Amino acid sequence: MCSLNLNTSFLFHPATISRSRSPTFHLFHTLTKLPISSITTKNPHKKVNRRFYPSQSFSVSAVLTNEDVLKGENTERDKPAFNFKSYMVNRANNVNQALDDAVSLREPLKIHEAMRYSLLAGGKRVRPVLCLAACELVGGTEPMAMPAACAIEMIHTMSLIHDDLPCMDNDDLRRGMPTNHKVFGEDVAVLAGDALLSFAFEHLAVDTAKAGVPPARIVRALGELSKAIGAEGLVAGQVVDIASEGIADVGLEKLEFIHVHKTAALLEGAVVLGAILGGGSEDEVERLRKFARCIGLLFQVVDDILDVTKSSQELGKTAGKDLVADKVTYPKLLGLEKSRDFAEELNKDAQAQLSAFDPHKAAPLIALANYIAFRQN
C-alpha cells in the first residue's frame, strides 16, 4: 500500500513538516523485488473568447484509445461501462469555459493577455478534473468544486510559467507553443504567474461561496491549497530540485522528496479540495489523499520516462531537457524498466485506496489513474 513514513526526513527536522505534507513515500524497498524487464475577438474592449485549437484543447482525446487506459485491469470493478474519453472531453470543455469566464480580457490588457495566453493554451486538465471527480465521488456536485478546480489550474499554470523562466529551467516550448516569457518578456511572465496565483485564492473563496458551499469547508480548502503550494509543498520541491542539479550522489530518497512536493502536492491538493468541498467524511478525505499521493508520484515517474523516450513534437515541450540539465530522474537512478515497474506499483497502490467506494462512482478516478500511468505525452 502507498503509505508514508512520518518519522523520516533527509533534509528537514520532522517538526517542520506538516502532517498533511509528509516528506516521503518510502516505496523504494519494493523496487528491489521488482523484475527488471482561434483565438477570436468579439469586442476588443471587453472579453475575448478564445477558441481552442483541437490539438491543444483536447490533446487528451488523442491518447485515450489504449484499452488499458479506458478499462484498466480486467477486474469486476472495472466492468461497468464508462466512457473515459467522453468524460474527459466533457469535463475539459466545462473547465475551459469556466477558466475563460474567470480570467477575462480587461485592463490592464497586457497582463490579462499574458495570463490567458498560458492558462487557455490547452493542456489535459487532469488536476481540475481530479478535483471535480473527487467532489462527485463523495456526493458533491460539479458547481461546488468548479471554482477550486479552476484555482488549481491557475496555480499549475503559474508554476509552468515560472518553471520555464531563464532563471529556472530556461525553456522555450510549452504545450507546443512558445513559453510565456518568449512572447511577453520575462518581467510580464513573472507578473502573470503572480497574478494567477493570487487570483486563484480569490476565485476559490468568492465563487465557491456563490455555489452554496458551507464557509467551514471553504476555509479548510483554502488551508489545504496553501500547504500544497507553499514552502512545505510545491516550493519545497522546486528548491530542492534546483539545489540538486549537477550533484552526482542524489539518491532515491531525495528524488522522492522533490517529486512528492514539486508534482504530487498539487495533484493531492486537487483531489483533497474536491473531497472537502463535496462534504466527504474524514475517512473518505484521507483515503482520497493517499490515492492522490500515489498518482502524484506516478505522474512524475511517467513524466521522467516520457522525457527520455519521446520527441519534443510528441510531448509538446522540450524532450531530454532533464538529461541536458544533468537532473536526477527515475530512469537515471533506476533504469527504464525498473522505473516502469515502479509506475505500475504506484498505480496499483493508488487504486487500492478506492476499493471502499462504490465502483460506479469511482470509475472516473480509476480511469484517471490508468490514464496517468499510460499517457503518451
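**Exercise 1: Charges over a ring**

In this predicted model, Arg127 sits over the face of Phe299, 5.0 Å from the ring centre. Your task: find what Arg375 does at Phe299, and at what distance from the ring centre.

*Solution.* Step 1: to count as sitting over a ring, CZ of Arg has to be within 6 Å of the ring centre and within 35 degrees of the ring normal. Step 2: go to Arg375, which also lies over the face of Phe299, at 3.9 Å from the ring centre.

**Exercise 2: Ring pairs**

Searching the whole structure turns up five aromatic pairs. Work out whether the rings of Phe84 and Tyr371 are stacked, edge-to-face or tilted, and what the pair ties together.

*Solution.* Step 1: get the numbers, which are 6.2 Å between the ring centres and 50° between the planes. Step 2: check the cut-offs: under 30 degrees is stacked, over 60 is edge-to-face, and the rest is tilted. Step 3: with planes at 50°, the pair is therefore tilted. Step 4: place the residues. Phe84 belongs to helix H4 (residues 84–102) and Tyr371 to helix H18 (residues 359–374), so the pair ties together parts 287 residues apart in sequence.

*Solution.* Step 1: the centres are 5.8 Å apart and the planes make 50°, and the pair is tilted. Step 2: Tyr330 is in helix H16 (residues 330–334) and Phe342 in helix H17 (residues 336–352), so this pair ties together parts twelve residues apart in sequence. Step 3: Tyr330 and Phe342 are both buried.

One more: which residues do ring pairs link into a cluster?

*Solution.* They are Phe82, Phe84, Tyr87 and Tyr371.

**Exercise 3: Two packed helices**

Describe how helix H6 (residues 126–137) packs with helix H7 (residues 142–163).

*Solution.* Step 1: the axes are 8 Å apart, at an angle of about 155°. Step 2: angles over 145 degrees count as roughly antiparallel, so H6 is roughly antiparallel to H7. Step 3: for handedness, H6 passes H7 in a right-handed crossing. Step 4: find who touches whom. H6 contributes residues including Arg127, Cys131 and Cys135, while H7 contributes, among them, Met144, Ala148 and Ile152.

**Exercise 4: An enclosed helix**

Why is helix H5 (residues 109–119) described as largely enclosed by the rest of the structure?

*Solution.* Step 1: count the buried residues, and you get eight of the eleven, so H5 is largely enclosed. Step 2: name some of them, including Ile111, Met115 and Tyr117.

Methods:
Residues are numbered from 1 along each chain as its sequence is written. This is a predicted model: local features need pLDDT of at least 70, side-chain atom pairs count only at pLDDT 80 or more; totals for chains, interfaces and linings use all residues. Side-chain values use heavy atoms; hydrogens and water are left out. Rings of Phe, Tyr and Trp (its six-membered ring) pair if their centres lie within 6.5 Å; planes under 30 degrees apart count as stacked, over 60 as edge-to-face and the rest as tilted. Helices (H or I, at least four residues) and strands (E, at least two) are DSSP runs, numbered from the N terminus. Buried means under 20% relative accessible area, exposed over 50%, partly exposed in between (1.4 Å probe, protein chains only). Axes are lines fitted to C-alpha atoms, for helices over the stretch in contact, and angles run from 0 to 180 degrees between N-to-C directions. Angles under 35 degrees count as roughly parallel, over 145 as roughly antiparallel, 65 to 115 as roughly perpendicular and the rest as oblique. A crossing is left-handed if the near helix is turned anticlockwise from the far one by less than a right angle, and right-handed if clockwise. Contact means heavy atoms within 4.5 Å.
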